[in-house]
Amino acid sequence: MNADLRFDWFDFYTELAQKLRSYRNDRRELIEKIKQVFSIAGVRIPKLDQDNQITDVDPFTFYGLFNKSSLSETVRVKIVGAVKDVMGINAPIPTTFSGVPCVNPLNALWYHYVEQRGVEDVNNLWRFFESALEYSKSPTPENLADLSKLFDCVVNMKHNGNGKVTMGLFWIAPDVFLSLDGTNEKYIFSSGFFPQKFLKTLPHLEYKVPFSTYHECVEKVRKYLLRRESKPRNFMELSAAAYDYVKQTKQPNPQQDPESIRYWIYAPGENANSWEECYQNGIMAIGWNEIGDLSLYSTKSEIRHALQEANDSTHSFIMSAHATWQFVNVMKPGDIVFAKKGAHTIVGRGVVTSDYSFDDLRDDLKNVREVNWTHKGIWKYPADNAPLKTLTDVTPYTGIVEKLNELFDVDIDGGDPTVPVCPEYTVEDFLKEVYMDRSSYDALSRLIRNKKNVILQGAPGVGKTFVAKRLAYSIIGAKDPSRVMTVQFHQSYSYEDFIMGFRPCETGFELRRGAFYNFCKKAEPDSDNPYFFIIDEINRGNLSKIFGELFMLIEKDKRRVELQLLYADENFSVPENVYIIGMMNTADRSLAMLDYALRRRFAFFEMKPGFETDGFCKYQRGLKSAKFDQLIQCVEELNVAIAADESLGDGFFIGHSFFCNLEEASAQTLTEIVEYELIPLLKEYWFDEPLKVKNWIDNLRNAIK
């Protein structure tokens with residue numbers, strides 16, 4: 001038992017290793033254990049094989065289930081607690097994971113999917129696991145030779161570099177094996193703890209090294225630690241010190257919000273001539289070396305002028321300046337990159353893992369970011385032509401992004417087939433962000449669960465669109481955009497856009513599936529999890545035309561009932577796990593009432609301004625502005641007058657979102673809200689009562705004097 005409470009995980013991790021040994025010849029039982037773990041933990045099981053049809057598993061991947069960098073501490077403890085119960089672990093649940101390295105969630109499997117892996121891949125991982133445990137107990141020359149052979153076999157499997165493989169060794173025997181993950185490497189070579197004289201004796205470490213190189217490094221570091229009187233004195237203390245060092249020397253990036261992930265088309269050199277080098281080194285690199293470190297330029301214009309001075313002053317360099325600026329200042333870790341060759345071919349997909357750097361030691365393409373390339377191959381670009389530029393942000397083109405992700409069997413949120421990287425999102429998170437009381441939230445969430453189709457209706461500015469997406473996340477339990485889709489209806493929106501229809505193509509016309517059809521097909525195989533289809537401005541479309549035969553299929557008791565589609569010889573049904581949330585402004589006079597056939601298939605939830613909610617009151621107090629307080633009081637009085645007006649009513653209230661997200665309630669900001677948002681609205685409301693409009697305009701202006 002380890003006496004240092006920081007490492008109370010030691011007993012749990014080492015006992016688990018011994019428990020796993022008994023499953024080498026009973027892996028189907030181990031797969032069932034994994035399913036039980038996630039069922040007990042109440043956490044979505046990660047994708048462990050193609051279409052989640054798990055046929056085999058290795059012990060290192062098992063450890064990776066609860067040692068991912070994407071897991072919050074709360075979720076990690078839940079999974080570990082379930083592992084303890086299911087695997088019969090006697091050691092207590094760890095109270096801390098100090099020094100435990102975590103695997104990248106985008107590369108958390110030690111094997112390939114069943115169609116891609118070799119016959120002996122998983123068996124070799126088990127042999128390696130047992131060999132490592134045998135060596136940890138008895139470091140004889142024979143055991144060392146056996147471990148060396150199997151290490152070299154495993155580390156040379158695709159995506160299994162020495163950082164990942166040695167991390168697995170550390171998990172099962174942290175007192176024997178040193179993890180050479182990126183954090184530990186940085187500490188060893190950059191922290192100053194080890195003197196330069198000692199570092200010069202260590203072998204050069206690359207992405208994949210033979211066991212002899214790893215073993216030489218481990219033994220030299222071990223001997224050095226034992227000679228020192230100060231900590232760290234062992235590999236666990238070194239790993240903990242490394243993680244503390246990284247936190248102190250670099251502000252950690254917050255977990256990437258899936259909603260903020262951007263998607264990029266990238267050309268790795270002319271005709272992709274640098275693709276192999278980028279893939280092998282885990283980087284993406286662009287040129288314009290002649291103007292040096294791009295991070296030294298404070299504006300896009302400065303980059304443009306530098307390019308003109310270094311090349312040709314008569315050339316605009318507008319697009320080049322834009323691309324380089326985005327590479328340095330817009331792109332961020334967590335973004336998805338699709339590498340292209342020419343105008344018609346995709347050659348790879350990756351996830352950005354580092355900030356920008358300028359590498360003057362490179363011969364060419366010196367502007368660099370590190371990338372975890374998750375895929376390599378040949379795919380047809382899913383549109384007429386790929387962008388010609390070196391770097392293009394295609395995030396706004398949601399159709400292209402979805403088709404690109406479909407090429408690699410990944411979801412719209414950017415996660416790979418292994419596991420979606422989605423922050424936890426709870427009811428408490430919803431109530432912090434949305435100005436709604438708990439009783440209203442409970443009523444709304446029950447309503448959508450029971451009816452499956454809900455329309456949020458209310459006056460302008462009550463936050464209907466914001467609430468819809470956050471409501472979906474709170475029910476899902478995670479901020480997972482892959483299970484939420486938003487469309488906006490308008491007068492030209494049609495059945496062909498929604499379900500399917502014929503569209504022009506190069507050879508004439510082709511049948512294309514619409515947004516709702518594709519979303520239902522995406523949700524159908526994942527029947528245990530809810531999916532939310534959000535329709536903004538639902539009353540602006542010709543609903544009978546848009547929904548067609550789906551009038552019946554969206555009813556709760558008609559889910560999974562199949563009907564023949566209009567344009568295809570295909571029966572279609574709406575899955576039970578698809579929930580529809582519509583939004584409509586009750587203040588929109590120009591629109592007809594909803595079709596009664598559709599109206600009876602939806603529940604309607606009236607959203608009120610949230611001025612009196614705890615969240616808004618807390619926000620208001622935080623601004624510490626008397627003028628803001630007076631303006632809100634005036635707006636609440638205005639809402640009373642609107643409600644009393646027979647031609648308006650509470651459907652025309654002034655909502656709270658007009659006043660949200662203010663960093664400070666300055667006189668200029670409040671004046672702009674009043675003059676350019678509220679007053680035009682009042683003139684529309686009381687277009688035939690100018691005196692009433694004038695009185696309320698005066699009241700609003702006086703409130704912020």
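Ser179 touches Pro101, Gly163, Thr166, Met167, Phe170 and Asn184, leaving out residues up to four places away in sequence (contact here means heavy atoms within 4.5 Å). Ser179 sits in the loop between helix H7 (162–172) and helix H8 (182–190), and at 0% relative accessibility it counts as buried (buried is under 20% relative accessible area, exposed over 50%, partly exposed in between, with a 1.4 Å probe and protein chains only). Its side chain also makes a polar contact of 2.6 Å with the side chain of Asp181 (a pair of N or O atoms within 3.5 Å; within protein, one must be able to donate a hydrogen and the other to accept it, and residues adjacent in sequence count only if both atoms are side-chain atoms).

This is a predicted model, in which local features need pLDDT of at least 70 and side-chain atom pairs count only at pLDDT 80 or more, while totals for chains, interfaces and linings use all residues. Residues are numbered from 1 along each chain as its sequence is written, and side-chain values use heavy atoms, with hydrogens and water left out.

**Nonpolar cores**

- The largest nonpolar core has 88 residues, and Phe62, Met87, Phe194, Tyr214 and Val221 touch the most other members (a core is a set of buried Ala, Val, Leu, Ile, Met, Phe, Trp, Tyr and Cys residues joined through side-chain atoms within 4.5 Å).
- Helix H5 (residues 121–137) gives this core its largest share, 8 residues (helices are DSSP runs of H or I with at least four residues, strands are runs of E with at least two, and both are numbered from the N terminus).
- There is also a second, separate core of 37 residues, with Ala665, Leu670, Ile673 and Ile697 among them.
- As for Tyr214, if you skip its neighbours within four places in sequence, its contacts are Phe151, Thr166, Leu169, Phe177, Leu178, Leu180 and Val209.

- Strand E12 (residues 531–536) is mostly covered, with 6 of its 6 residues buried.
- Tyr531, Phe533 and Ile535 point one way from E12, Phe532, Ile534 and Asp536 point the other way, and all are buried.
- E12 pairs with strand E9 (residues 484–488) in the parallel sense over 5 bridges (strands pair if DSSP finds at least two bridges between them), and Ile535 is the bridge partner of Val487.
- E12 also pairs with strand E15 (residues 578–585), again parallel and over 5 bridges; here Phe533 has Ile580 as its bridge partner.

- Asn577 lies in the loop between strand E14 (571–572) and E15, and counts as buried at 6% relative accessibility.
- Leaving aside neighbours within four places in sequence, Asn577 is in contact with Ala523, Asp526, Ser527, Asn529, Pro530 and Tyr531.
- The Asn577 side chain reaches the backbone oxygen of Asp526 at 3.0 Å, and one of its polar atoms lies 2.8 Å from the backbone oxygen of Asn529.

**Helix H15**

- Ile400, Val401, Leu404 and Asn405 are buried in helix H15 (residues 398–407).
- These four are on the same side of H15 because they cover an arc of only 130 degrees around the axis (taken from the directions from the helix axis to the C-beta atoms).
- The face turned away from that buried side carries exposed Thr398 and Glu406.
- The cover over the buried residues of H15 includes E1, strand E3 (336–341) and strand E4 (345–352).

- Ala272 has a positive phi of about 60 degrees although it is not a glycine; it lies in the loop between strand E1 (263–266) and helix H12 (275–281) and is buried, at 14% relative accessible area.
- Trp288 also has a positive phi of about 60 degrees without being a glycine; you'll find it in the loop between strand E2 (283–286) and helix H13 (300–310), buried at 19% relative accessible area.

**Aromatic pairs**

- A search of the whole structure turns up 55 aromatic pairs (rings of Phe, Tyr and Trp, using its six-membered ring, pair if their centres lie within 6.5 Å; planes under 30 degrees apart are stacked, over 60 edge-to-face, and the rest tilted).
- Phe193 and Tyr224 form an edge-to-face pair, at 6.4 Å centre to centre and 80 degrees between the planes.
- That pair links distant parts of the chain, 31 residues apart: Phe193 is in the loop between H8 and helix H9 (196–199), and Tyr224 is in helix H10 (residues 211–227).
- Phe193 and Tyr224 are both buried.
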